[in-house]
Amino acid sequence: MRRIALRSILFDRGKLVASLLGVALASTLGFVQIGLYRGFEQSSSAVIDHVGGDMWAMPSGLDVIDYSEIVSVGPRNLLLSHPCVADVRALLYGFSFVRRPNGTHSTALVVAVEPRPGRQVPWGEVDGDLADLSQPLRISVDRTDLAKLELPADPIGSSFEINGKTVTVAVATHGIRSFTLNPYLFTTTTNARRLLNVGENQAMYYVIDLADKQCGPALAAWMKRQPDIQLLDTATWSKKTQAFWAVSYT
């Protein structure tokens, strides 16, 4: 039977080649789709993965970073009182209305996190000096979003409005794209609070750096005294955000 099957396959080599090419094409398309899907996953949780930390504190029931809510300073102070916690960093993250230089309107995501040594946010290759973001109402834009924001090829020094306030581009990043296709606009927490109309001691998330990584579960159990706040380790929070978008778009 094997000999007959082999002879049948080799009898018409044209069909054999066409069949092999079809299989190869189907396999290639499959790998491309897997790559695109994985890219979408990584893009949806990019801020979480680059901000890092050991755990995140957020409102209970939250499933995805993009649906942020304002949190008071109370949970931060409580976390800092625990001996397992080395530091708690405020993270501002929120949608905003953009008025482009030509007068048209759009939306964007304003992002800011208190700095931590060894964690550069925004990440990757940048044009300009990140220290300039600390100046009043200075922001970064990504080069992939220049056309969307109606900005020139050399955007540094250009201005437009966010929530009615005029901002100036101080830094240009390379390849930081939002899964929701709303441009990421990075700045400092002081500037972000002004742009997002958030109180001085408020944030959307608190990023927790632990003194001992083994005590994360104990800290999460201890924080249950605050029923409106949940703690998730960073890897779980990243996967939860990825899963939210994967289910929403499949």
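This is a predicted model: local features need pLDDT of at least 70, side-chain atom pairs count only at pLDDT 80 or more; totals for chains, interfaces and linings use all residues.
The lining of the largest cavity comprises two nonpolar, two polar and three charged residues.

**Cavity**

- A search of the whole structure returns one cavity of 30 Å³ or more.
- The space in the largest cavity amounts to about 40 Å³.
- Its lining consists of Asp145, Lys148, Arg177, Ser178, Leu181, Asn182 and Pro183.

**Largest pocket**

- The volume of the largest pocket is about 320 Å³.
- This pocket is lined by 15 residues, of which Val113, Pro115, Val121, Thr187 and Thr188 are the closest to its centre.
- Sorted by class, the pocket lining holds seven nonpolar, four polar and four charged residues.

**Strand β3 and its partners**

- Strand β3 spans residues 105-113 and is mostly covered, with seven of its nine residues buried.
- On one pairing, β3 runs antiparallel to β2, and the two strands are joined over nine bridges.
- Within this pairing, Leu92 stands opposite Ala112 of β3.
- The hairpin of β2 and β3 has five residues between the strands, and in this hairpin Gly103 adopts a positive phi near 95°.
- A further pairing links β3 to strand β8, residues 184-186, in the parallel sense over three bridges.
- Leu109 has Tyr184 in β8 as its bridge partner.

- Ser96 counts as buried because its relative accessible area is 2%, and the cut-off for a buried residue is under 20%.
- Apart from neighbours within four places in sequence, Ser96 contacts Ser106, Thr107, Ala108, Val110, Ile162, Asn163 and Leu196.
- Among these contacts of Ser96 are Ser106, Thr107, Ala108 and Val110, and β3 is the strand made up of residues 105-113.
- The contacts of Ser96 also include Ile162, Asn163 and Leu196.

Note on methods: Residues are numbered from 1 along each chain as its sequence is written. Side-chain values use heavy atoms; hydrogens and water are left out. Buried means under 20% relative accessible area, exposed over 50%, partly exposed in between (1.4 Å probe, protein chains only). Contact means heavy atoms within 4.5 Å. On a 1 Å grid over the protein atoms alone, a cavity is a set of points where a 1.4 Å probe fits but cannot get out, and a pocket is an open set with protein on both sides within 12 Å along at least five of seven lines; lining residues have an atom within 4 Å of a point. Grid points are joined across faces, edges and corners, and a volume is the space filled by probe spheres set on the points. Ala, Val, Leu, Ile, Met, Phe, Trp, Tyr, Cys and Pro count as nonpolar, Asp, Glu, Lys and Arg as charged, and the others, Gly among them, as polar. Helices (H or I, at least four residues) and strands (E, at least two) are DSSP runs, numbered from the N terminus. Two strands pair if DSSP finds at least two bridges between them.
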